[in-house]
Amino acid sequence: MTRGCTDLDDPVAAARRLADEVLWPAALDVDGAPVVPRHLLDLLADAGLYGVAARAPQAYPAVAEALAGGSLATAFVWVQHHSTVRAVAAAGGDVAQRWLDDLCDGRVRSGIAVAALRRPGPPSMVATAAPGGGVTLDGWAPWVTGWGLIDVVMVAARQGDDLVTCLVDAVEAPGLAVQQVRLAAVDASSTVLVRCGGLTVGADRVVGRVPYSEWRAGDARGLAGNGLLGLGVAARCAHLLDSLALTADVDRLRGLLLAAGPDEVVGVRADIALLALRAATAVVARGGGASVETGSHAQRLLREAMFLVVFGQTAAIRAAQLTRLGVGG
């Protein structure tokens with residue numbers, strides 16, 4: 001039986017144990033699998049880790065970092081869920097009463113369709129008012145992770161000057177279609193592009209509605225969280241190399257990330273991405289020719305570090321990365 005997140009004993013210890021004893025030994029098999037094995041996600045739910053962002057938020061950074069250092073594909077599916085947990089918890093009222101416990105216990109698992117709302121130009125997903133207080137969705141959303149492993153997707157859409165979020169069942173149906181996106185790393189995360197055409201969502205599934213400008217400001221403050229995955233990969237590499245210098249770099253950037261405000265987070269995120277690349281490259285170099293064999297963790301870690309360069313990347317982070325690489329934004 002799944003244990004609720006309200007009685008977590010030590011989520012960080014649980015995450016580190018699962019990362020070292022379960023996720024890391026399975027990581028190569030997961031990397032080559034068509035989809036993350038469900039039983040791995042079930043173990044995270046059984047440990048209460050599907051509700052950390054709401055029930056033990058102070059533990060979330062260390063939990064996310066640990067899981068990313070075990071199996072990034074598994075962590076990538078898990079981490080998306082917590083955007084929905086936070087949104088539902090913040091919404092309160094009937095939405096939280098209906099959804100929050102099931103989300104925290106992992107009985108309901110969620111993905112998100114939010115990334116396209118950060119792009120300049122006309123919104124790719126729009127909402128119009130529907131009878132009874134619901135909305136009708138039209139448009140597309142890239143990078144929806146965990147398809148086939150999740151029950152709902154939290155879709156964000158523009159409705160005039162507002163941004164509305166709502167929960168949509170994660171199944172193809174009239175008005176909702178998906179297209180698989182193949183990835184060079186974490187492909188087992190089962191990431192898809194979602195298209196909505198006249199998909200009506202009832203008022204009971206509308207999570208929130210805020211001015212778009214307010215959402216953008218909050219989104220900028222939330223960019224730090226994506227850097228936790230890079231820290232996890234870099235920390236795993238430092239452990240494999242038994243490198244005190246790399247460990248010190250991870251510790252320093254972790255501290256900067258957790259303390260960063262909107263103005264500082266861009267540079268810290270860029271530094272973390274490049275640290276993960278450097279650390280994974282060192283693992284490849286240490287391993288020599290065996291590193292490029294498909295059975296090697298080294299090649300997997302390097303591909304994952306490459307992936308994390310662009311995960312959650314904004315125009316500002318991209319420019320900071322290129323500047324640090326001596327190319328210029």
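## Ground rules

Helices are DSSP runs of H or I with at least four residues, strands are runs of E with at least two, and both are numbered from the N terminus. Keep in mind that this is a predicted model: local features need pLDDT of at least 70, side-chain atom pairs count only at pLDDT 80 or more, and totals for chains, interfaces and linings use all residues. Residues are numbered from 1 along each chain as its sequence is written, and side-chain values use heavy atoms, with hydrogens and water left out.

## The largest cavity

A cavity here is a set of points, on a 1 Å grid over the protein atoms alone, where a 1.4 Å probe fits but cannot get out; its lining residues have an atom within 4 Å of a point. Points are joined across faces, edges and corners, and the volume is the space filled by probe spheres set on them. Counted this way, there are three cavities of 30 Å³ or more.

The largest cavity holds about 70 Å³ of space. Helix 8, helix 10 (262-287) and helix 12 (315-324) each bring at least two residues to its lining, and helix 10 gives the most, with four. Among the lining residues are N226, R269, I272, F311 and Q321. Sorted by type, the lining has six nonpolar residues, four polar and one charged. For that sorting, Ala, Val, Leu, Ile, Met, Phe, Trp, Tyr, Cys and Pro count as nonpolar, Asp, Glu, Lys and Arg as charged, and the others, Gly among them, as polar.

## The second largest cavity

Helix 1 (11-32), helix 5 (72-91) and helix 11 (297-310) each supply at least two of the lining residues, with the largest share, three residues, coming from helix 1.

Now for the aromatic side chains. Rings of Phe, Tyr and Trp (its six-membered ring) pair if their centres lie within 6.5 Å; planes under 30 degrees apart count as stacked, over 60 as edge-to-face and the rest as tilted. The structure has six such pairs. One of them, Y60 with W78, is stacked, at 5.6 Å centre to centre and 15° between the planes. Y60 sits in helix 4 (residues 60-70) and W78 in helix 5, so this pair ties together parts 18 residues apart in sequence. Both Y60 and W78 are buried (buried means under 20% relative accessible area, exposed over 50%, partly exposed in between, with a 1.4 Å probe and protein chains only).

W143 and F307 make a tilted pair, because their ring centres are 6.1 Å apart and their planes at 50°. That pair links distant parts of the chain, W143 in strand 3 and F307 in helix 11, 164 residues apart. F307 is buried, at 6% relative accessibility. Ring pairs also join F76, W143, F307 and F311 into a cluster.

## Charges over rings

A charge sits over a ring if NZ of Lys or CZ of Arg is within 6 Å of the ring centre and within 35 degrees of the ring normal. R86 lies over the face of Y60, 4.5 Å from the ring centre. R109 has its charged end over the ring of Y50, 5.1 Å from the centre.

Most residues other than glycine have a negative phi. W143 has a positive phi of about 60°; this residue lies in strand 3 (residues 135-144) and is partly exposed at 36% relative accessibility. D242 has a positive phi too, of about 50°. D242 is found in the loop between helix 8 (227-241) and helix 9 (244-259), and is exposed, with a relative accessible area of 66%.

Terms used. 1 Å grid on protein atoms, 1.4 Å probe; cavity = no way out; pocket = protein on both sides within 12 Å on 5 of 7 lines; lining within 4 Å.
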